[in-house]
Amino acid sequence: MALHLNAEQKNLRRLWSEYDSFVIPPYQRPYSWSASECKQLYDDLIDAFNRPNDNDYFVGTIILAVADDQRDEYPRVVDGQQRLTTFWLMFKALSVLLPEIPSIIDMLYSHEWDGKGGRLRINSLVNDANDMEMMKKIYGWGAEDYESMYVELMDNFKAYSRMDIGDFLNATGCTMEAATLYFYYRLREFKQEDGMHLALFAKYLMTSVLIIPIEMHAPGIRDAENKALVIFETINNRGMALSDSDILKARLYSKAVTTTDKDTFVKQWDTVSDNCKFLGIEIDTLFTIYMFIEKARRGDLHYTTDIREFFDGRNGEISHYTYDKIMNSLLEIADILHRYKEMEYGTSRVAGWMQVIDLCNSDINTHGSILVAWAMKNGFDLNTLEPFLSCIVREMFVTGQMFYEFNVLHIIAEILSTGDSRELHVTGSPSPYMMYAQADTKLAHLAMVLEMGGGLLHYKLMNIVKRKRTSYIETDGGMKGVRKSYFDESIGNVAFVPTKQARQDIGFDDYMRKMEEADPECATLANNIDTTYRMVDVRRRAERKRKILEDFLGAETV
């Protein structure tokens, strides 16, 4: 694929004037600059503006896809949308402070040839955010709107005099509103100090802020965009901070040929993104799980963690399969994890194992891959799932609460080939670190699940016994007693007390009956009964729990 590339340094006014509008493609990230980042940019610009000589300011490169044969296709911003949008927001704030300068308005809105219509200079198609609607809203703000928000901001900010205005604005919850209001705040102060210099600063922004647009040309916008993505990935591989999923999203989007395909892809990606937000994970996790399962399915059990190479390398998944096949696989993985997450909330035995797994192993790439492989092969039959989950819990404690990738690939391969992996080939004895008789919440949680025969409701941790001890330190006046509080470091001193939220759950009374039968000390705390416990009772409780753990783990605890 030959690359037709243009790169020429331009100031912002020239860049804006050469294109009616810049299009932000659907696969791009939403606008994300915080007021703190806007502060850094503004301070840098002011410093450059105030330099006596050679005060041009270079803001780097952007990458544009340009269709030569389609006059109605505006250039697509493959890289640089955050900076372009930020400058647009800055010019908007300037336009209400300097309404007498029409060239500033031209930086915001382009007119049709007959002057009867037009469009904003930036047209965002990103649909997992409301960027375009927000820009239209901000464009419609007048001087009274900005001033009203400024007055409200100052009234609210009075109580936070020690706080930076940028940090305060970040708490508003809307990134674009916070950014343009921050610029208005700073530029308004500038105008009060010297209105003439504010006009010169506006001129400086248009004529002395320089950028290099790297334009990738092709007859059609799709080919131009594909070529631009090649440059985008190359630059990213030189150190730009973009996630693997950002790159893979762009590559998959480029596989969607027709407009219908592209719309389908965007909807699929939005569904995957929504599932990941519910699960509290990154989209990279889904790609990693996909990689683990496919490698195990093919018998490739060698160590690797480079998901970008697996998907987008010379013989990667993207070169072999359609975007639809890959996206459907990611959707299936997301759906399985979603179902597991839903099972985690409750008091069933399955919920208990899920809670312990989540508590013990934060690396969802590894244990998540095993769970997904099991569900793909065996479904969600609770008769087989429950003993399988218990084996996973035992494996985590025996191996020190983690799965290594090499072991994970072998476990997945066994599950996919035989449909079974009940023992997970657990070897060795429980990790000494995990089995010390200390107040380890993971061990205490596991013991409670084993005692009650199910999961825990929402809870808070409590200590059954709290003691005081006196330590002595040497001072100039001799020895001085210092009271220091500490908790008995015994697993018997850890209790799980249901929260107010748990008390509203259906079946709470039955839950408390189970707790009273399994762990009366825990139930006593939960019911706020004023009972004094002796340390010997706590130690006896710890021995009981250690015996339960030893029976489950099949090894003597330390």
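The model is predicted, so local features need pLDDT of at least 70 and side-chain atom pairs count only at pLDDT 80 or more, while totals for chains, interfaces and linings use all residues. Residues are numbered from 1 along each chain as its sequence is written, and side-chain values use heavy atoms, with hydrogens and water left out.

Phe287 sits in helix 13 (residues 283–297); helices (H or I, at least four residues) and strands (E, at least two) are DSSP runs, numbered from the N terminus. Leaving out residues up to four places away in sequence, Phe287 touches Ser245, Leu248, Leu252, Trp269, Ile307, Phe311 and Leu330, where contact means heavy atoms within 4.5 Å. Phe287 and Met327 are separated by 40 residues in sequence and by 9.9 Å in space, C-alpha to C-alpha. Phe287 also belongs to one aromatic cluster, together with Tyr253, Phe265, Trp269, Tyr290, Phe310, Phe311 and Tyr323.

Of the 558 residues of the chain, 52% count as buried. Among contacts between residues at least 6 apart in sequence, 73% join residues at least 24 apart.

Aromatic pairs come next. The search of the whole structure finds 28 of them; rings of Phe, Tyr and Trp (its six-membered ring) pair if their centres lie within 6.5 Å, and planes under 30 degrees apart count as stacked, over 60 as edge-to-face and the rest as tilted. One of these pairs is formed by Tyr19 and Phe22, with 5.4 Å from centre to centre and 55 degrees between the planes, a tilted arrangement. Tyr19 counts as buried because its relative accessibility is 11%, and Phe22 counts as buried at 0%. Another pair, Phe49 with Phe201, is edge-to-face, at 5.3 Å centre to centre and 75 degrees between the planes. This second pair links distant parts of the chain: Phe49 lies in helix 2 (residues 35–50) and Phe201 in helix 9 (residues 195–208), 152 residues apart. Phe49 has 14% relative accessibility and therefore counts as buried; Phe201, at 0%, counts as buried too.

Beyond residues up to four places away in sequence, Arg76 touches Val23, Pro25, Pro26, Ile63, Leu64, Ala65, Leu125, Ile221, Glu225 and Tyr253. Lys341 is part of helix 16 (residues 323–344) and counts as buried at 15% relative accessibility. Its contacts, with neighbours within four places in sequence left aside, are Phe278, Leu279 and Asp358.

Arg541 belongs to helix 26 (residues 535–553), and at 1% relative accessibility Arg541 counts as buried. Setting aside neighbours within four places in sequence, Arg541 is in contact with Ile464, Ile491, Gly492, Asn493, Val494, Ala495, Asp519, Glu521 and Cys522.

The passage now turns to helix packing. Two packed helices are described by the angle between their axes and the distance between the axes. The axes of helix 17 (residues 349–360) and helix 22 (residues 441–452) come within 10 Å and cross at roughly 175 degrees. Helix 17 is therefore roughly antiparallel to helix 22. Here axes are lines fitted to C-alpha atoms, for helices over the stretch in contact, and angles run from 0 to 180 degrees between N-to-C directions; angles under 35 degrees count as roughly parallel, over 145 as roughly antiparallel, 65 to 115 as roughly perpendicular and the rest as oblique.

On the helix 17 side, Arg349, Gly352, Trp353, Gln355, Val356, Leu359 and Cys360 meet Thr441, Lys442, His445, Leu446, Val449 and Leu450 of helix 22. The residues of this contact divide into seven nonpolar, four polar and two charged, with Ala, Val, Leu, Ile, Met, Phe, Trp, Tyr, Cys and Pro counted as nonpolar, Asp, Glu, Lys and Arg as charged, and the others, Gly among them, as polar.

Finally, the structure holds zero disulfides, a disulfide being a pair of cysteine sulfur atoms within 2.5 Å. Cys276 counts as buried at 2% relative accessibility, and Cys391 is buried with a relative accessible area of 14%.

Definitions and conventions:
Buried < 20%, exposed > 50% of the residue type's maximum accessible area, 1.4 Å probe, protein only.
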